Structures are given as C-alpha cells and as structure tokens.
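Please keep both in view while reading the points below.

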Amino acid sequence: MITDEIRERLFALKDEDFGKFQAKLIPTVAPESIIGVRTPQLRGLAKEMIKRADAGEFLDALPH
C-alpha cells in the first residue's frame, strides 16, 4: 500500500536533530509525533510519489 511505503520512506529520511528543532517551533504538537524530515527531501519524495499510478489512493486517504 502506498501509504505504508510513504511512511517507511519518511522514517528513512528522518533527521533527529532537525526533529528536535522543529518540536521547539511548534510546542503544541507532541515531539514524538514529529519525524524531522527536511523540506528538500520532502519535495524530492513528493515528486517521485506523485508520478505513481496509485498516488490518488494516498491523497484520498488524507483526513483533511
């Protein structure tokens, strides 16, 4: 499933120090829920994933 693959890829790109920095910027969010992936890496992953035929499945599953 694409959602699981995206989650795995995000955790592979995780930067713990950046996550700690981000947690300080948004104190209303639980620090353990912040992965800490840098924006250029997120953009690269998004460009790669949007080309997939099953990308709509992920977009439809978003809660917002």
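The residues I2, T3, I6 and L10 of helix α1 are buried. Seen down the axis of α1, these buried residues fall within an arc of 100°, so they line one face of the helix. The model discussed here is a predicted one. An α-helix has 3.6 residues a turn, so residues three or four places apart point the same way.

- The face of α1 turned away from its buried side carries two exposed residues, E8 and A12.
- The cover over the buried residues of α1 includes α3 and α4, the latter spanning residues 55-61.

**Residue I6**

- I6 is located in helix α1.
- Is I6 buried or exposed? I6 has a relative accessible area of 11%, and because buried means under 20% relative accessible area, I6 counts as buried.
- Once neighbours within four places in sequence are set aside, I6 is in contact with M49 and F58.
- I6 and E32 are 26 residues apart along the chain, and their C-alpha atoms are separated by 18 Å.

**The nonpolar core**

- Which residues form the largest nonpolar core? This core has six residues, namely I2, I6, L10, V37, L45 and M49.
- Two helices, α1 (residues 2-12) and α3 (residues 39-50), each supply at least two residues of this core.
- The helix that gives the most to the core is α1, with three residues.
- In soluble globular proteins, nonpolar side chains tend to be buried together.

**A nonpolar patch on the surface**

- Nonpolar residues also occur on the surface, where F21, L25, I26 and V29 form a patch.
- Together, the four residues of this patch have about 330 Å² of accessible area.
- V29, a member of the patch, lies in the loop between α2 (residues 16-25) and α3.

**Residue P40**

- P40 belongs to helix α3.
- The relative accessibility of P40 is 60%, and since exposed means over 50%, P40 counts as exposed.
- P40 and G19 are 21 residues apart along the chain, with their C-alpha atoms separated by 15 Å.

**The protein as a whole**

- How many helices and strands does the protein have? There are four helices and zero strands.
- Read along the sequence, these elements follow the pattern α-α-α-α.
- The C-alpha atoms fill a box of roughly 35 × 25 × 15 Å, taken along the principal axes.
- The protein has 64 residues, of which 20% are buried.
- Considering contacts between residues at least 6 apart in sequence, 56% join residues that are at least 24 apart.
- The accessible surface of the protein comes to about 5,000 Å², and carbon and sulfur atoms account for 58% of this surface.

Technical notes. Residues are numbered from 1 along each chain as its sequence is written. This is a predicted model: local features need pLDDT of at least 70, side-chain atom pairs count only at pLDDT 80 or more; totals for chains, interfaces and linings use all residues. Side-chain values use heavy atoms; hydrogens and water are left out. A nonpolar core is a set of buried Ala, Val, Leu, Ile, Met, Phe, Trp, Tyr and Cys residues joined through side-chain atoms within 4.5 Å. Buried means under 20% relative accessible area, exposed over 50%, partly exposed in between (1.4 Å probe, protein chains only). Contact means heavy atoms within 4.5 Å. Patches are made of residues with over 30% relative accessible area and no salt bridge: like charges are joined within 9 Å, nonpolar side chains (Val, Leu, Ile, Met, Phe, Trp, Tyr) within 5 Å. Accessible areas come from the Shrake-Rupley method with a 1.4 Å probe; for residues, only the protein chains shown count as cover. A salt bridge is a side-chain nitrogen of Lys or Arg within 4 Å of a carboxyl oxygen of Asp or Glu. The arc is that of the directions from the helix axis to the C-beta atoms.
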